[in-house]
Amino acid sequence: MNFGEALENLKMGKKVARKGWNGKGMYLYLVHGTTVDKENLRNEASFHLPNDEGAMHGTGVAEFLPHIDMRTANGDVCIGWLASQTDMLSEDWMIVD
């Protein structure tokens with residue numbers, strides 16, 4: 001499967017990986033966007049988004065945009081995974097369970 005097909009499968013809620021990845025259990029998944037009330041922001045998000053209404057488009061809500069995350073070989077989560085040139089041109093993508 002090529003990268004475009006892998007993206008379409010991510011959009012359908014499936015997990016994908018490359019056969020060429022060395023780590024066992026590695027895969028990508030799509031995280032849908034969400035909104036969070038400014039009072040519920042945690043960690044760095046609470047520090048980097050000012051408390052004034054203008055920083056959140058006058059709504060008091062922070063919008064987190066959709067993105068692709070990766071489960072790494074050691075079980076951690078890499079937030080905001082980015083494809084390399086090799087990843088985008090590969091034909092060894094597959095759906096994982």
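Q: Where is His32 found?
A: This is a predicted model, and in it His32 sits in the loop between strand 2 and strand 3 (34-37).

Q: Buried or exposed, that His32?
A: Exposed: its relative accessibility is 57%, and the cut-off for exposed is over 50%.

Q: How far is His32 from Leu65 in space, C-alpha to C-alpha?
A: 7.2 Å, and the two are 33 residues apart in sequence. Both His32 and Leu65 also turn up in the lining of the largest pocket.

Q: Which other residues line that pocket?
A: Besides those two, the lining has Val31, Thr34, Phe64, His67, Asp69 and Ile79.

Q: What's the lining like by class?
A: There are 4 nonpolar, 3 polar and 1 charged residues.

Q: And how much space lies in it?
A: About 200 Å³.

Q: Switching to the core. Which residues have the most contacts inside the largest nonpolar core?
A: Val16, Trp21, Leu28, Met70, Trp81 and Trp93, out of 13 residues in that core.

Q: Which elements give two or more residues to it?
A: Helix 1 (3-11), strand 1 (15-18), strand 2 (27-31) and strand 5 (67-71). Helix 1 has the largest share, with 3 residues.

Q: Pick Leu28 then. What is Leu28 in contact with, leaving aside neighbours within four places in sequence?
A: Quite a list: Leu10, Lys14, Lys15, Val16, Trp21, Ile68, Asp69, Met70, Trp81 and Trp93. Val16, Trp21, Met70, Trp81 and Trp93 are on that list, and they are also among the core residues with the most contacts.

Q: Now Trp93. Where does it lie?
A: Trp93 is in strand 7.

Q: Is Trp93 buried or exposed?
A: Buried, with a relative accessible area of 2%, where the cut-off for buried is under 20%.

Q: What does Trp93 touch, not counting residues up to four places away in sequence?
A: Its partners include Met1, Asn2, Phe3 and Ala6. Val16, Ala17, Arg18, Trp21 and Leu28 are on the list too, along with Trp81 and Asp87.

Q: How far apart are the C-alpha atoms of Trp93 and Asn2?
A: 5.9 Å, although 91 residues separate them along the chain.

Q: Back to helix 1. Which of its residues are buried?
A: Phe3, Ala6, Asn9 and Leu10.

Q: Why are they on the same side of helix 1?
A: They cover an arc of only 115° around the axis, so they end up on the same side of helix 1. In general, an α-helix has 3.6 residues a turn, so residues three or four places apart point the same way.

Q: What do those buried residues pack against?
A: Strand 1, strand 2, strand 5, helix 3 (85-89) and strand 7 (93-96).

Q: And Leu7, where is that found?
A: Also in helix 1. Leu7 counts as partly exposed, at 27% relative accessibility. From Leu7 to Ile68 is 9.6 Å in space, C-alpha to C-alpha, with the pair 61 residues apart in sequence.

Q: Changing topic: what about the phi of Asn43?
A: Asn43 has a positive phi of about 50°, although it is not a glycine. Asn43 lies in helix 2 (residues 43-48) and is exposed, with a relative accessible area of 51%.

Q: Next, Asp37. What is Asp37 in contact with, leaving aside neighbours within four places in sequence?
A: Gly60 and Val61. Asp37 and Val61 are 4.4 Å apart in space, C-alpha to C-alpha, and 24 residues apart in sequence.

Q: Where's the place of Asp37?
A: In strand 3, where Asp37 counts as partly exposed at 39% relative accessibility.

Q: Zooming out, how many helices and strands are there in the protein?
A: 3 helices and 7 strands. From the N terminus on, the order is α-β-β-β-α-β-β-β-α-β.

Q: What share of the residues count as buried?
A: 26% of the 97 residues.

Q: And among contacts between residues at least 6 apart in sequence, how many join residues at least 24 apart?
A: 63% of them. The Asp37 and Val61 pair we talked about is 24 residues apart in sequence.

Technical notes. Residues numbered from 1 in each chain as written. Predicted model: local features only at pLDDT ≥ 70, side-chain atom pairs only at ≥ 80, totals over all residues. Heavy atoms only, no water. Core = buried A, V, L, I, M, F, W, Y, C linked by side-chain atoms within 4.5 Å. Buried < 20%, exposed > 50% of the residue type's maximum accessible area, 1.4 Å probe, protein only. Helix = DSSP H or I, 4+ residues; strand = E, 2+ residues; numbered from the N terminus. Contact = heavy atoms within 4.5 Å. 1 Å grid on protein atoms, 1.4 Å probe; cavity = no way out; pocket = protein on both sides within 12 Å on 5 of 7 lines; lining within 4 Å. Points joined across faces, edges and corners; volume = space filled by probe spheres on them. Nonpolar A, V, L, I, M, F, W, Y, C, P; charged D, E, K, R; others polar. Arc of directions from axis to C-beta.
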